[in-house]
Amino acid sequence: MLLDTLGHSFRNRVIRFNFHRSGETVSRYFKAALHAVGELRNEFIKDCISVIDETHIKARVPKENEVAFRERKPSLTQNVLAAVDFDLRITYVLAGWEGSAHDAAVLKNALERSDGLRVPAGKYYLADGGYSTRNGFISTYRATRYHLKENSNELFNLQHSSLCTTVERAFGSLKNHFTIIKCEPYFPLQTQVEIVIVCCILHNWIVTEGGDEFIQSEDEWARRSHFRSRDQAAVEDSREWLDKRDEIAQFMWTRMQNYGY
């Protein structure tokens, strides 16, 4: 019942007919299944440094809250922050933020929560230009091209953006698998949040078990996508981590100059 609802966005009456159960039973089973799968969340959260990014998923909220959930596009959305490792597993997800919320504000909340995103000492996540370069997070060089490698900054942006396609490919697979998160929702907001989390857990199970026809190869994704630059981020960078980024960029540049790769 849960998989039919998530995978096809079937309403209660359709599930009721398909499984020959009452509407009350379908609703009870659906809520119980959401809770049961949600309990597995910790099993899939690994202490793995990877890529962070956000995606917008359609939302339904009371009329008085619509302005906050309306992003740049006309539709209402929740802003979902996720960390994705290089095996395309979603290692952290924070759902439920208003669609108009700035990515940096959502990340700040993720770091402040008792069950939030953790960065081991000396490690870091890759993040795009919508985030600052700060303790535990390294974004691209702003106002610098992505597709060339004529200097260390461009080479860094090229490699950084190539790695960051990981999160976009995972988001694409997630939304293609679970039609419910692409459709106009009809559940209360808290249930919408739980659905996103459960879909992420099921995505991890699919990826871990091997074989996902919805995941594009890196080369195919690169041909169909354009690197995004979000230099408008009104956030403050950390000098220490800017220097760390420079060290990484210079190391890659020196290596390419000396060894050709």
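Helices here are DSSP runs of H or I with at least four residues, strands are E runs of at least two, and I number both from the N terminus. I'm working on a predicted model, so I only read local features where pLDDT is at least 70.

**Entry: positive phi**

I started with backbone angles. Ser9 has a phi near 55°, a positive value in a residue other than glycine. I placed Ser9 in the loop between α1 (2-8) and α2 (12-19). Buried or exposed, I wondered about Ser9? Ser9 is buried, with a relative accessible area of 16%.

Leu88 came up next, with phi near 70°, and this residue is not glycine either. Leu88 sits in the loop between β2 (77-84) and β3 (90-98). Its relative accessible area is 8%, so I have Leu88 down as buried.

**Entry: β2 and its neighbours**

From Leu88 I went on to the strands on either side. β2 and β3 form a hairpin with 5 residues between them, and Leu88 is in the turn. The two strands pair in the antiparallel sense, over 6 bridges. On the other pairing, I found 8 bridges joining β1 (residues 51-58) to β2, again antiparallel.

Which residues does Asn79 face? I looked up both partners: His56 is the bridge partner of Asn79, and in β3 Asn79 stands opposite Trp97.

Then I checked which way the β2 side chains go. Thr77, Asn79, Leu81 and Ala83 point one way, while Gln78, Val80, Ala82 and Val84 point the other way. With 8 of the 8 residues of β2 buried, the strand is largely enclosed by the rest of the structure.

**Entry: salt bridges**

Side chains of opposite charge can pair when their charged atoms come close. My count for this model is 10 salt bridges. I wrote up a few of them.

Glu24 and Arg28 meet through their side chains at 3.1 Å, N to O. Both are in helix α3 (residues 23-38), and because they are 4 residues apart, about one helical turn separates them. Arg28 is partly exposed, with a relative accessible area of 43%.

Glu66 and Lys63 make a salt bridge at 3.7 Å, N to O. How do the two ends compare in accessibility? Glu66 counts as buried at 17%, whereas Lys63 counts as exposed at 67%. I followed this one further and found that Lys63, Glu66 and Arg70 are linked in a network of salt bridges.

Asp115 and Arg113 gave me another salt bridge, 3.7 Å from N to O. Arg113 is partly exposed, at 33% relative accessible area.

**Entry: cysteines**

Last, I went through the sulfurs. How many disulfides are there? The count comes to 0 disulfides. Cys200 is in no disulfide, and the nearest cysteine sulfur, that of Cys199, is 7.1 Å away. A disulfide needs the two sulfur atoms within 2.5 Å, so that distance rules out the pair. Cys200 is buried, with a relative accessible area of 5%. I also noted Cys183, which is partly exposed at 25% relative accessible area.

Technical notes:
Residues numbered from 1 in each chain as written. Predicted model: local features only at pLDDT ≥ 70, side-chain atom pairs only at ≥ 80, totals over all residues. Heavy atoms only, no water. Buried < 20%, exposed > 50% of the residue type's maximum accessible area, 1.4 Å probe, protein only. Pairing = 2+ DSSP bridges. Salt bridge = Lys/Arg side-chain N within 4 Å of Asp/Glu carboxyl O.
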